[in-house]
Amino acid sequence: FCQPSGWQLFPERNPPTFFVAVLTDINSERHYCACFTFWEAVESPQPQSHARNGEGEEEEEEGESSSPVQPAQLFAPKSLVLVSRLDHAEVFRNSLGLIYTIYVDGLSVSLENVIGNLLTCTIPITGGAQ
């Protein structure tokens, strides 16, 4: 459900997308799945090269000199998903956007540590200490 259009590589980076899917379990309880998908550069396993003729030799186009083979840069989707029983789409969007921003800015903290710190933080009780 994270990538309803399917998983495929693209030659260009697409803008990030966000949507919320609602899943209902066997007890009729709703689970809100916030999905934030962005595109990450990956190197193609198949390098771009010149076309080959029938004898296995490279054909050169007019005016083009031999150059080293460059790997093709492609972009793959990567999804961050937050699952909750609460319907707070804007909070989910902001939280996943913050995680994405930290990841894109290349801060010295790994994505896994950021998420781990968010999951282990203590949230104060409403109304203060009792």
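User: Which pattern does the protein follow when read along the sequence?
Analyst: In this predicted model, the secondary structure comes to two helices and three strands. Read along the sequence, these elements follow the pattern β-β-β-α-α.

User: How are the axes of H1 and H2 oriented, roughly parallel or roughly antiparallel?
Analyst: Helix H1 spans residues 89-104 and helix H2 spans residues 111-119; their axes lie 10 Å apart and the packing angle is about 150°. An angle over 145 degrees counts as roughly antiparallel. H1 is therefore, relative to H2, roughly antiparallel.

User: Is the crossing of H1 and H2 left-handed or right-handed, and which residues of H2 make the contact?
Analyst: The crossing of H1 and H2 is right-handed. On the H1 side, the contact is made by Ile99, Ile102 and Tyr103. The residues of this contact divide into seven nonpolar, no polar and no charged. From H2, the contributors are Leu111, Val114, Ile115 and Leu118.

User: Which element gives the largest share of the largest nonpolar core?
Analyst: The largest nonpolar core has 13 residues, and those with the most contacts inside it are Phe18, Phe36, Leu80, Leu96 and Ile99. Two or more residues of this core come from each of strand S2 (30-43), H1 and H2. The largest share, five residues, comes from H1.

User: Which residues does Leu96 touch, not counting residues up to four places away in sequence?
Analyst: Leu96 is one of the residues with the most contacts inside the largest nonpolar core. Not counting residues up to four places away in sequence, Leu96 touches Phe18, Ala34, Phe36, Leu80 and Leu82.

User: Is Leu80 buried or exposed, and what is its relative accessible area?
Analyst: Leu80 is placed in strand S3, residues 73-84. Leaving aside neighbours within four places in sequence, Leu80 is in contact with Ala34, Cys35, Phe36, Phe38, Leu96, Ile99, Tyr100 and Leu111. Buried means under 20% relative accessible area. Leu80 is therefore buried, with a relative accessible area of 10%.

User: What is the distance in space between Phe92 and Ala34, C-alpha to C-alpha?
Analyst: Phe92 lies in helix H1 and is buried, with a relative accessible area of 7%. Beyond its neighbours within four places in sequence, Phe92 is in contact with Phe18, Tyr32, Ala34, Leu82, Ser84 and Leu86. Although Phe92 and Ala34 are 58 residues apart in sequence, their C-alpha to C-alpha distance is 6.3 Å.

User: What is the phi of Ser28?
Analyst: Ser28 is found in the loop between strand S1 (17-24) and S2, and is exposed, with a relative accessible area of 60%. Most residues other than glycine have a negative phi. Ser28 is not a glycine, yet its phi is positive, at about 65°.

User: What percentage of the residues of the protein count as buried?
Analyst: Residues under 20% relative accessible area are the buried ones, and Phe92 is one of them. Of the 130 residues of the protein, the buried share is 21%.

Methods
Residues are numbered from 1 along each chain as its sequence is written. This is a predicted model: local features need pLDDT of at least 70, side-chain atom pairs count only at pLDDT 80 or more; totals for chains, interfaces and linings use all residues. Side-chain values use heavy atoms; hydrogens and water are left out. Axes are lines fitted to C-alpha atoms, for helices over the stretch in contact, and angles run from 0 to 180 degrees between N-to-C directions. Helices (H or I, at least four residues) and strands (E, at least two) are DSSP runs, numbered from the N terminus. Angles under 35 degrees count as roughly parallel, over 145 as roughly antiparallel, 65 to 115 as roughly perpendicular and the rest as oblique. A crossing is left-handed if the near helix is turned anticlockwise from the far one by less than a right angle, and right-handed if clockwise. Contact means heavy atoms within 4.5 Å. Ala, Val, Leu, Ile, Met, Phe, Trp, Tyr, Cys and Pro count as nonpolar, Asp, Glu, Lys and Arg as charged, and the others, Gly among them, as polar. A nonpolar core is a set of buried Ala, Val, Leu, Ile, Met, Phe, Trp, Tyr and Cys residues joined through side-chain atoms within 4.5 Å. Buried means under 20% relative accessible area, exposed over 50%, partly exposed in between (1.4 Å probe, protein chains only).
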